Amino acid sequence: MAISETAYQYFISKYKPEFCEMLLEHCAEGRSIETFAAKINTVPEALMFWSNKYVDFEVCLRVAYWKSYAYWEDLVIEDTKQIREFKVLEPTIFKMVMKNRYKWRDTTDDIMMMIGSLSDAELEDRAKKILEARSGQVITARMVENES
């Protein structure tokens with residue numbers, strides 16, 4: 001969504017130096033930069049405007065991102081040290097946060113992306129190699145394409 005010049009000027013004028021410390025504290029609790037914008041009654045684009053105009057805020061914005069990431073990483077590390085009865089981290093929620101907020105991918109995602117980019121011939125060739133490795137026999141049959 002494009003922002004008008006009037007709105008741009010409005011948001012630029014709302015900057016306060018104390019936002020730096022507030023942002024760092026907010027994100028150190030695992031919260032996102034976007035929710036910080038909501039907390040101070042602004043929009044995420046305003047944070048980008050401020051980071052272009054105020055070097056201190058740009059630095060804080062970058063550090064805040066990694067503070068939020070560290071929170072989630074620390075949470076999962078601590079949870080792995082707990083016995084089952086005392087675990088508090090829901091793996092599905094952790095995975096969703098990491099994937100959506102930090103563009104984190106797991107092995108399944110990587111495999112599916114790789115498979116999706118292969119042609120039928122490449123898929124067939126890889127499948128033959130897997131079957132040959134398992135059986136110890138050379139596979140010579142060729143996949144028949146569907147005729148429509």
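**Figure 1. The largest nonpolar core of the predicted model.** This core holds 20 residues, and those with the most contacts inside it are Phe19, Leu23, Ile33, Leu47, Trp50 and Phe57. Two or more residues each come from α1 (5–13), α2 (19–28), α3 (33–39), α4 (44–53) and α5 (55–80). Helix α2 gives the most, with five residues.

**Figure 2. Surroundings of Phe57.** Leaving aside residues up to four places away in sequence, Phe57 touches Tyr15, Phe19, Cys20, Leu23, Leu47, Trp50 and Ser51. A second, separate core has six residues, including Trp72, Leu89, Val97 and Tyr102.

**Figure 3. A nonpolar surface patch.** Val55, Val59 and Val63 make this patch of about 240 Å². Val55 lies in helix α5. Its relative accessible area is 58%, so Val55 counts as exposed, the cut-off being over 50%.

**Figure 4. Salt bridge between Glu58 and Arg62.** The closest N and O atoms of this pair are 3.3 Å apart. Glu58 and Arg62 are separated by about one helical turn because they are four residues apart in helix α5. Glu58 is partly exposed at 29% relative accessible area, whereas Arg62 is exposed at 56%.

**Figure 5. Salt bridges Glu29–Arg31 and Glu78–Lys81.** The model has three salt bridges in total. The side chains of Glu29 and Arg31 meet at 2.1 Å, N to O. Both are partly exposed, Arg31 with a relative accessible area of 39% and Glu29 with 47%. For Glu78 and Lys81 the N to O distance is 3.3 Å. Glu78 is partly exposed at 42% relative accessibility, and Lys81 is exposed at 58%.

Conventions: Residues numbered from 1 in each chain as written. Predicted model: local features only at pLDDT ≥ 70, side-chain atom pairs only at ≥ 80, totals over all residues. Heavy atoms only, no water. Core = buried A, V, L, I, M, F, W, Y, C linked by side-chain atoms within 4.5 Å. Buried < 20%, exposed > 50% of the residue type's maximum accessible area, 1.4 Å probe, protein only. Contact = heavy atoms within 4.5 Å. Patch = residues over 30% accessible without salt bridge, like charges linked within 9 Å, V, L, I, M, F, W, Y side chains within 5 Å. Areas by Shrake-Rupley, 256 points an atom, 1.4 Å probe, with all protein chains shown as cover. Salt bridge = Lys/Arg side-chain N within 4 Å of Asp/Glu carboxyl O.
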